[in-house]
Amino acid sequence: MAGAEHKHPNYMAIFWYLAILTVIEIAVIYAPLNKTTIVVLLCALALGKAALVAMYFMHLRFETGTLGLVAITPLMIATLLVFLLLPDGFAVAKRTVGVKAAVSAPAKH
Amino acid sequence: MSPSASVHSAVEPAETPLTPESWGKLGMWIFLAGDAVGFGVLLASYGGMRATSADWPSPYAVLGINLTAAMTFLLICSSVTMVKALEWLGKGDRSKCRMFLFFTLHINGNPWGASLFGTSFFLVTGFHGLHVTGGVIYLVSMIRYVTNRPAPAASYNAVEITGLYWHFVDLVWIMVFTFMYLI
């Protein structure tokens with residue numbers, strides 16, 4: 001089969017990378033770090049693992065660059081959507097904080 | 001050119017520049033990109049709501065992280081058995097391919113995992129569980145397909161496309177596990 005050599009990378013090596021990254025993820029959540037650092041680290045680790053699966057298990061590394069663009073587009077849309085939703089979310093949170101305080105406060109007679 | 005392309009040349013006269021080996025592969029990639037938008041929207045909405053909520057519970061205080069981490073590990077294992085199935089088929093060994101497809105099927109078709117995925121964070125995990133169920137049915141049909149094709153090379157393309165779907169389910173779980181269980 002032509003091209004079979006480069007089409008089958010060392011899958012076991014990829015497996016061990018993924019397993020090690022998963023262990024690091026678990027370690028990170030118990031690490032004495034501030035919340036922002038933990039979130040950034042976890043996002044980076046998840047993206048690294050997803051990239052390994054896409055590049056080697058799904059053979060994206062050996063496909064054309066345009067197919068890579070097809071694959072990365074949903075990630076960009078989802079990331080954009082988070083930032084589109086944040087202003088609305090913060091506005092709702094700001095309004096409901098006042099309502100919640102009024103509800104939880106004892107009624108004055 | 002892959003063996004499958006030569007086998008299917010009669011029905012695939014034109015090659016797509018994106019995936020010269022088969023149109024089927026391009027079709028699966030486009031489906032997966034659309035499906036990824038679906039998951040992306042669900043996760044982005046979850047992230048948006050959570051980031052702006054004052055009293056969101058800490059997931060690892062509520063959910064069983066260690067068990068889920070073990071399940072995540074199993075899902076990664078099933079991706080490895082899937083690529084091994086393809087590798088053996090490429091070498092012309094149909095029975096080893098079937099064996100690894102069988103392993104892939106059983107690693108994730110376990111009811112323990114299904115109940116865990118199905119009961120917590122129902123919308124996203126349920127949607128993912130639905131994909132796993134679809135994948136299990138897909139794998140069962142592929143074992144039959146590989147068995148019935150005259151030569152190992154004749155089913156190479158179809159098994160590779162099945163692998164794309166299965167690895168995508170694995171990839172999505174990597175994201176769900178991080179965003180809904182760990183963060």
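**View 1. Residues that join helices H2(A) and H3(A) in the predicted model.** In this predicted model, A:Ile14, A:Tyr17, A:Leu18, A:Leu21, A:Ile24, A:Glu25, A:Val28 and A:Ile29 of H2(A) are in contact with A:Ile38, A:Leu41, A:Leu42, A:Leu45, A:Gly48, A:Lys49, A:Leu52, A:Tyr56 and A:Phe57 of H3(A). Sorted by class, the residues of this contact between H2(A) and H3(A) are 14 nonpolar, 1 polar and 2 charged.

**View 2. The packing of H2(A) against H3(A).** The axes of H2(A) and H3(A) lie 10 Å apart, and the two helices pack at an angle of about 165°. Angles over 145 degrees count as roughly antiparallel, and H2(A) and H3(A) are therefore roughly antiparallel to each other. The crossing in which H2(A) passes H3(A) is left-handed.

**View 3. H3(A) beside a helix of chain B.** Helix H8 of chain B, made up of residues 156-182, crosses H3(A) at roughly 175°, and the axes of the two come within 9 Å. H3(A) and H8(B) are therefore also roughly antiparallel to each other. On H3(A) the contact is made by A:Leu42, A:Ala46, A:Lys49, A:Ala50, A:Val53, A:Ala54 and A:Phe57, while H8(B) contributes B:His167, B:Asp170, B:Leu171, B:Ile174, B:Met175, B:Thr178 and B:Leu182. This contact has 10 nonpolar, 2 polar and 2 charged residues.

**View 4. The side of chain A that touches chain B.** Across the whole interface, 41 residues of chain A are in contact with 42 residues of chain B. The elements of chain A that give two or more residues to this side are H2 (11-30), H3 (35-57) and H4 (65-104), and H4(A) gives the most, with 18 residues. By class, this side of chain A holds 32 nonpolar, 6 polar and 3 charged residues.

Definitions and conventions:
Residues numbered from 1 in each chain as written. Chains lettered and ligands numbered in written order. Predicted model: local features only at pLDDT ≥ 70, side-chain atom pairs only at ≥ 80, totals over all residues. Contact = placed C-beta atoms within 7 Å. Helix = DSSP H or I, 4+ residues; strand = E, 2+ residues; numbered from the N terminus. Nonpolar A, V, L, I, M, F, W, Y, C, P; charged D, E, K, R; others polar. Axes fitted to C-alpha atoms, helices over the stretch in contact; angles between N-to-C directions. Parallel < 35°, antiparallel > 145°, perpendicular 65-115°, else oblique. Left-handed = near helix turned anticlockwise from the far one by under 90°.
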